[in-house]
Amino acid sequence: MKNMMTKLATASLITGAMLMPTVNAADYVIDNKGAHASINFKIKHLGYSWLTGRFDKFGGNFSYDPANVSASKIEVNIDTSSVNSNHAERDKHLRGDDFLDVNTFANAKFVSTSITEKAGGKLAVSGVLTLHGVSKNIVIDAETIGEGKDPWGGYRAGFSGTTSIALTDYAIKMNLGPASTHVQLELHIEGKKQ
Amino acid sequence: MYNTRIHYGYISIFFHWLAAATIIALFALGYYMVDLTYYHQWYKTAPELHKSIGFLLFILMIVRVVWRHKQLTPEHLTSHSSLERKMGKLTHSVLYLLIFLIMITGYLISTADDRGIEVFELFTVPGFGSFIENQEDVAGLIHQWLAYTLILLASLHAIAALKHHFIDKDNTLNRMIGRRQKNLNQAKDKMENT
């Protein structure tokens, strides 16, 4: 009986993995269906203000155990063509080969390599960010926001994280000026326990 | 001033060359502006000019089409073969079609986010948002390739005119630069003009 249960569980996991390729055997799936997650970016405009935007389409999963944070993992996949800065002409430019070149590099990806706990509930999420065909190690400064039961029978956990990347590190050739060499990424992630 | 069965009137001639000059200028400007660096003096101005002039061309083309339909179309020269007539007619129709399609797709790029198109900061052509997903990218690609096609076809159109002028030594080009034919046609022309 137990054997059969395992088989069933394995089968459903495999089926699940086929249906949703971003889902591994992770504990949480990022709630993009309910849009309780967002991947935002901001970059200085001429050094005078912040220009913000986001990626509308992404998915991912993470495993998280507050008792054993270092065993946690996260993987996020981003559809780069879903970049949205609330300006069609600019978005077209961002998708073009001056920036994201989404025809060639349709996806960006972050896969954690190690997660360490820091003072005050902060987390340092190290991992590889693949963007514009370049894979580089980055560290996301993250924090837990909260976790617990939702009112509809599920269980959720949420985090926020920020990191800063240099455009040139990712071979993005457009020069936006001396104040705009780096873009800040902000992730707000809510996961639904599987 | 008006078209006759033999000659193009000066108004038709004026529309033809104004449209030709505007289209070549818009193509050059469009080709130039997409590769400008961010801090270039023309980075903002060139697209604004491109859109403003593009809208004026749209008005010109509407007036031109209306004018064309209200006017006699000069007959084919008797020296033109039936293949030349067919090719000429087809080229003219496709040129008109391309010009309008390029203007429409240009409009669809800039208005994909509901923003209107400002014409010389005088007034704004309203936008109606997106009709398809990633409209600015799809419209942009079509806009670009149809523009290349138009320039190619217009070059063919010009080469054909030069061939008629210098090799066939007929009046095809003379008619479009307003040079009147010195012979009996003049009398015929006068009669029709009155």
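User: Which residue of chain B does A:R95 form a salt bridge with?

Analyst: Keep in mind that this is a predicted model. The rule finds four salt bridges across the interface of chain B and chain A. In the one formed by A:R95, the closest N and O atoms are 2.4 Å apart, inside the 4 Å cut-off. The partner there is B:D137.

User: How much area do chain B and chain A bury between them?

Analyst: The contact draws 17 residues from chain B and 18 residues from chain A. On chain B's part, B:Y38, B:Y39 and B:E136 supply 40% of the area it buries against chain A, more than any other three residues. Of the total the two chains bury between them, 48% is on carbon and sulfur atoms, and that total is about 1,300 Å².

User: Is A:D101 buried or exposed?

Analyst: A:D101 has a positive phi of about 50 degrees, though it isn't a glycine. Most residues other than glycine have a negative phi. A:D101 sits in the loop between α2 (88-95) and β7 (107-117) of chain A. Its relative accessibility is 18%, under the 20% cut-off, so A:D101 counts as buried.

User: What about A:A35, buried or exposed?

Analyst: A:A35 also isn't a glycine, and it has a positive phi of about 55 degrees. Its place is the loop between β1 (28-30) and β2 (38-45) of chain A. With a relative accessible area of 57%, over the 50% cut-off, A:A35 is exposed.

User: Which elements do the buried residues of α1(B) pack against?

Analyst: Helix α1 of chain B covers residues 10-33 and reaches 34 Å from its first C-alpha to its last, close to the 34 Å expected. Its buried residues include B:F15, B:A19, B:T22, B:L26 and B:L29. An α-helix has 3.6 residues a turn, so residues three or four places apart point the same way. The packing partners of α1(B)'s buried residues, all in chain B, are α2, α3, α4 and α5 (172-176).

Definitions and conventions. Residues numbered from 1 in each chain as written. Chains lettered and ligands numbered in written order. Predicted model: local features only at pLDDT ≥ 70, side-chain atom pairs only at ≥ 80, totals over all residues. Heavy atoms only, no water. Contact = heavy atoms within 4.5 Å. Buried area = accessible area lost by both parts, 1.4 Å probe. Salt bridge = Lys/Arg side-chain N within 4 Å of Asp/Glu carboxyl O. Helix = DSSP H or I, 4+ residues; strand = E, 2+ residues; numbered from the N terminus. Buried < 20%, exposed > 50% of the residue type's maximum accessible area, 1.4 Å probe, protein only. Expected span 1.5 Å × (residues − 1).
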